[in-house]
Amino acid sequence: MCEIAYQQCIHADCGATFDIGQPLFGCPKCGNLLDVGYHWDKVAVPKSLDAFNRRWTTPGRSVEARADFSGVWRFRELLPFAKVDEIATIGEGRTILQQADQIAKQIGMKSGRLFLQYEGFNPTGSFKDNGMTAAFTIARKLDRTRVACASTGNTSAAMSVYAAHSGDSGKPMQAIVFVGEGKIAFGKLAQALDYGALTLQIAGDFDACMKRAVECAEKLDVYLMNSLNPFRLEGQKTIMFRILEGLDWQVPDWIIVPGGNLGNSSAFGKAFEELKTLGLIPRIPRIAIINAAGANTLDHAWNQKKMRWNEGKFDSKGICEYFDELDASNNKAKTIASAIEIGRPVNLAKGLRTLDVMNGVVRTVTDEEILAFKAMIGRYGYGCEPASAASLAGLHQLRNEGMIGPDDKVACVLTGHSLKDPDATVNYHMKGSGQQVGSPPNQPVQIADDFEAIKTAIN
Ligand SMILES: *Cc1c(COP(=O)(O)O)cnc(C)c1O
Ligand SMILES: [Zn+2]
């Protein structure tokens, strides 16, 4: 196939490479994760990042114009595994960096220092579309007709919509979704059902669903769309390119992101490592990955167990044993932030690499903090689903610690739209006050159908 791109095992003791034409979700030799790698010397990468600016305004109906409209494929030279006419796009990634001065003030940061990368503005309302456009581009190249994923909701919504748009002569690809029973917010379930996915609600949590999806990919002719699929992460790299673009190509001090399966975290580290290698940025920002208290495997692995990337010689056996321990002690993820309710992050090893490359830190925030900072994000005009707010709650914690200063330039990734999980929002605002941080609930006021009463309430 295309000789520019290849797949490669991430473990330094193996490093086996494979053609991109092979549908793989792990190294056939050693079982570790795969990366997409490139022979950069064969790619016409622009000399400077601002060359990408021009594509915002490409007119016309050509395949190039379609690719330029996408906030993923605008950067196609930085994920060069497909030709421009092979790209499966529905116009994802047209998200921009928002300067959030009012929120900055609330958490003791200077104006012009805090930015929110609002990925809720994607076609299905979460950052997952960035990854799916890339994974469907390769699935179509490989003539796959059935795709599957395990999902806490957003992956299934994104996969289902791209499946509905793919496939030959009007026959859509079949989308097969595994969701944990009672584990999915209704906004997301609604999307999977509406886009026609075969939706299997199994009696189990995300981690159980993940095992089944992998089993089906191995035993049936089904292409896996979880972030084990290395092509998905190529699309998600562009979230970082857009942050840089929003800062006029200046590198921020910190990127803050919620950590679930660690697909985003993995993609972000790879993005910056490649930009640095290509000489397109002078330095790499730091990253803070934020776990929810009921799902903080990464925090534990990094801060207590001291698991490290170790120049690619990470302890993959140790990771397996750790997950087995969690299974044995019946340790189950539990958080209101359902999108990060994941106890066995499949990309853990790549997450360790990102923490190494980006000199990262890992923190845990409580569900109460998540909801209170979610309310703050809403209060100042952005809004997001619970998991996304872990980023701001994490920033608040790191400000209190002094790890992040008032002058640092920080970009928080808001991973999903607020309408994904309206129940969480309404329940928060319906309850009384009481929490110490974030923004207080905004309870609706019960009032008589009477002008004087209304006047009093308004004053
Ligand atoms: C998937 C998802 C996450 C978790 O991202 P990972 O890449 O799995 O760590 C966080 N927030 C939202 C809204 C998501 O949909
Ligand atoms: Zn290997």
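Mentor: Let us begin with residue classes. Ala, Val, Leu, Ile, Met, Phe, Trp, Tyr, Cys and Pro count as nonpolar, Asp, Glu, Lys and Arg as charged, and the others, Gly among them, as polar. The model before us is predicted. By these classes, the shell around ligand 1 holds 5 nonpolar, 8 polar and 2 charged residues.

Trainee: Which residues are the closest to ligand 1?

Mentor: Of the 15 residues that surround ligand 1, the closest are Lys128, Asn154, Gly260, Asn264 and Thr415.

Trainee: How are polar contacts with ligand 1 to be read?

Mentor: One looks for pairs of N or O atoms within 3.5 Å. Here, a polar side-chain atom of lysine 128 lies 2.6 Å from an oxygen atom of ligand 1. The backbone also takes part: a polar backbone atom of glycine 260 is 2.8 Å from an oxygen atom of ligand 1, and for a polar backbone atom of glycine 263 the distance to a ligand oxygen atom is 3.1 Å. On its own, ligand 1 has 390 Å² of accessible area, of which the protein covers 97%.

Trainee: What is the space taken by ligand 1?

Mentor: That space is the largest cavity.

Trainee: In what order do the strands of the open sheet lie?

Mentor: Two strands pair if at least two bridges are found between them. The open sheet has 4 strands in the order 8-7-6-9, with parallel pairing. Strand 8 (198-202) and strand 9 (223-224) are the edge strands, each pairing on one side only.

Trainee: Over how many bridges do strand 6 and strand 7 pair?

Mentor: Strand 6 (residues 146-151) and strand 7 (residues 174-180) pair over 6 bridges, in the parallel sense. Valine 147, for instance, has alanine 175 in strand 7 as its bridge partner.

Notes. Residues numbered from 1 in each chain as written. Chains lettered and ligands numbered in written order. Predicted model: local features only at pLDDT ≥ 70, side-chain atom pairs only at ≥ 80, totals over all residues. Heavy atoms only, no water. Near = heavy atom within 4 Å. Polar contact = N/O pair within 3.5 Å; in protein donor to acceptor, adjacent residues only side chain to side chain. Areas by Shrake-Rupley, 256 points an atom, 1.4 Å probe, with all protein chains shown as cover. 1 Å grid on protein atoms, 1.4 Å probe; cavity = no way out; pocket = protein on both sides within 12 Å on 5 of 7 lines; lining within 4 Å. Sits in = over half its atoms within 2 Å of the grid points. Helix = DSSP H or I, 4+ residues; strand = E, 2+ residues; numbered from the N terminus.
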